[in-house]
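Thanks for coming, everyone. I would like to walk you through one model today, taking it piece by piece, and I will define the terms as they come up.

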Amino acid sequence: MADAKPKPPILEVERLTKYFGGLAAVKDVSFEVREGQIFGFIGPNGAGKTTLFSIIAGALKPSSGKVRSRGRDITALKPFQLVQAGIARTHQIVRPFREMTVLENVKLASHFGRKNVTSDSAAEEHAMQILTWFGMETFAQKSASILSVGLQKRLEITRAMATEPDLLLCDEICGGLTHVETAAMLDWLRRIRDRGTTVMYVEHDVKAITAVCDRILVLNYGRKLSEGAPDHIQQDPAVIEAYLGHPPGRRQEG
Amino acid sequence: MTLIEFVNLLASALLLAGIYAVMSVGMTVIYGVMKIVNLAHAGFMMLGAYLALELFERFRIDPILAALLVFPVMFVVGRVLHWLLVRRLPTSDQPTLASLLLMFGLWLVLQNLGYFIWGNADRSIYTSHTLSLLRFGAVTISTVRLVVFGAAVACMVALHLILNHTWFGRSVRALIQNRYAGQIVGVDDQKTASITFGLGIGFAGLAGALLASLYSFNPDFGRPFLIRAFVIIVLGGLESVSGVAIGAFVLAFVETFGILFVPAGYQLALSYGLLVVVLIFLPGGVAALTAKVRRLA
């Protein structure tokens with residue numbers, strides 16, 4: 001039997017550390033993301049979520065540590081190289097190409113993404129398929145600048161998915177959305193996972209994260225505080241303490 | 001002013017606009033993609049002018065054809081400079097002091113290189129066509145100006161087609177609109193920046209070579225044109241190629257018709273005046289205006 005060795009994980013973070021000056025924003029964080037999961041990280045303000053996300057997404061260089069995907073070292077790759085390696089991302093603040101139509105936005109991803117669709121008509125067809133999958137086909141010819149915030153966020157994800165990634169990194173995609181829009185957005189994440197793309201998701205909103213994630217990493221002061229399924233996290237005393245403070249009567253000295 | 005005078009002025013404004021557009025478009029694409037204000041633009045125009053002169057004097061190549069040959073040479077020069085120097089600049093969404101200093105330094109180096117190779121005497125390209133005129137009824141047009149205008153318009157149209165109908169052009173437009181979004185759809189921003197820098201320098205050289213058929217030049221050539229290019233790209237909204245075309249027409253018309261009201265020596269003052277007016281009343285340039293109209297439509 002040859003299946004003694006499991007397939008290397010789609011994302012493997014090994015002892016990642018990032019110093020800003022003398023301050024460690026992320027310290028010695030290690031974790032793995034398995035295929036087919038929605039993997040989330042949470043943490044109080046300043047816990048190092050954004051720093052960790054930025055390093056994985058190739059926007060920041062770590063002080064030490066490694067990021068691997070399927071066994072390949074991707075630590076030093078630039079954002080566009082990550083796209084070619086099958087790792088796409090969305091931005092917290094949406095960044096559409098404002099002077100282009102929705103279709104043109106997605107078409108660029110069809111061509112420059114991993115699929116590398118060369119001909120103009122094939123790229124258009126590919127982009128239309130993805131747009132239709134996300135229910136955006138009626139907006140295809142509209143200018144990206146006139147979409148509502150909710151639709152711009154959906155365009156951001158649609159465009160990332162048009163690069164045909166194996167792993168999608170989502171940065172606070174529910175920020176600024178209404179409850180209804182948030183619920184819909186989380187549903188899109190589940191559908192993306194079920195379609196075969198692993199999702200890594202950072203969010204401020206603990207409720208959103210626990211609702212959608214299969215596995216959660218909790219950060220505090222740049223270190224890993226806890227990791228596990230949502231139920232496990234919600235009952236972990238260390239996590240409760242980090243979010244709510246020390247229970248009265250058990251306050252530590254000093 | 002008689003109607004004939006008016007039509008003559010109109011024709012010369014139009015011819016001037018074509019050369020102004022080619023002269024400014026290189027700055028616009030470089031600024032748009034890299035947010036670098038190419039202060040060395042005039043230096044590359046000067047190099048283009050001398051290259052055209054050399055091609056004409058040594059190989060008897062027609063100056064207009066020479067200008068078209070200058071383009072690929074300067075394109076390569078631009079890409080080499082990008083690889084050697086420009087790519088080492090910190091990336092930013094705004095012009096950085098480092099980039100301004102680098103480009104200004106580059107201009108000084110180019111100028112002095114020009115003095116070293118060609119000396120400080122004024123040169124010009126003189127052919128049998130230089131003084132020839134074409135008459136269309138009452139309107140008289142210099143043949144060379146008309147040909148230069150044709151070449152300029154052809155190059156602008158070619159650039160427009162490249163930007164709108166090739167994947168490279170789309171990657172340029174994507175990076176102009178949002179660099180981060182460009183990166184996350186998989187655009188190799190360094191490669192696009194390098195080719196764009198080559199194009200920008202190529203257009204500077206081309207414009208200089210075309211201008212060499214109209215004006216005399218020395219290694220300090222291009223300084224007044226640099227100022228005009230600034231006015232034009234601010235008018236056009238800094239990052240828009242069609243904005244440049246419009247900006248070039250506005251400036252050319254203001255300068256041409258301005259001589260009816262103020263002495264010709266005040267032409268540059270008119271350009272600066274226009275710049276001030278635009279910065280006060282239309283800081284986003286023509287591009288911001290059209291974007292607003294499109295949103296309302």
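Predicted model: local features only at pLDDT ≥ 70, side-chain atom pairs only at ≥ 80, totals over all residues.

Ten of the 14 residues of α9(B) are buried, so this helix is largely enclosed by the rest of the structure. By buried I mean that 20 or more other C-beta atoms lie within 10 Å of the residue's own, whereas exposed means 12 or fewer and partly exposed anything in between, with C-beta atoms placed from the backbone. The helix names follow DSSP runs numbered from the N terminus, with helices being H or I over at least four residues and strands being E over at least two. Residues are numbered from 1 along each chain as its sequence is written, and chains are lettered from A and ligands numbered from 1 in the order in which they are written.

Helix α9 of chain B covers residues 223-236 and reaches 20 Å from its first C-alpha to its last, close to the 20 Å expected at 1.5 Å a residue, where the expected span is 1.5 Å times one less than the number of residues. The buried residues of α9(B) include Phe225(B), Leu226(B), Arg228(B) and Ile232(B). Just after α9(B) comes Gly237(B), with a positive phi of about 95 degrees.

Now to a helix in the other chain. Helix α6 of chain A, residues 179-194, has 16 residues and reaches 23 Å between its first and last C-alpha, close to the 22 Å expected at 1.5 Å a residue. Which residues of α6(A) are buried? They are Thr182(A), Leu186(A), Trp188(A), Leu189(A), Ile192(A) and Arg193(A). These cover an arc of only 150 degrees around the axis, which puts them on the same side of α6(A), the arc being that of the directions from the helix axis to the C-beta atoms. On the face turned away from that buried side, α6(A) carries the exposed residues Val180(A), Asp187(A), Arg191(A) and Asp194(A). The buried residues of α6(A) pack against β3 (38-42), α5, β7 (167-171), β8 (198-202) and α7 (206-212) of chain A, and Gly196(A), just after the helix, takes a positive phi of about 115 degrees.

Next, the domains of chain A. The assignment, whose bounds come from an automatic or database source, gives domain 1 (8-82 + 167-175 + 196-245) and domain 2 (87-164). The C-alpha centres of these two domains of chain A lie 26 Å apart, and their contact takes eleven residues from domain 1 and ten residues from domain 2, where two residues are in contact if their C-beta atoms, placed from the backbone, lie within 7 Å. On the side of domain 1 that touches domain 2, the largest share, five residues, comes from β7(A).

Most residues other than glycine have a negative phi. Asp166(A) belongs to that loop too, and Asp166(A) is partly exposed, with 17 other C-beta atoms within 10 Å. The C-alpha atoms of Asp166(A) and Gly86(A) are separated by 5.2 Å, although the two are 80 residues apart along the chain. Leaving aside neighbours within four places in sequence, the contacts of Asp166(A) are Ile10(A), Gly86(A), Thr197(A) and Thr198(A).

Finally, the core and the contact between chains. The largest nonpolar core has 161 residues, and among those with the most contacts inside it are Ile19(B) and Leu210(B); such a core is a set of buried Ala, Val, Leu, Ile, Met, Phe, Trp, Tyr and Cys residues joined through C-beta atoms within 7 Å. Helix α1 (residues 3-34) of chain B gives the most to this core, with 14 residues. Between the chains, the contact takes 22 residues from chain A and 16 residues from chain B. The elements giving two or more residues to the chain A side are α2 (79-84), β6 (87-89), α3 (102-112) and α5 (149-161) of chain A.
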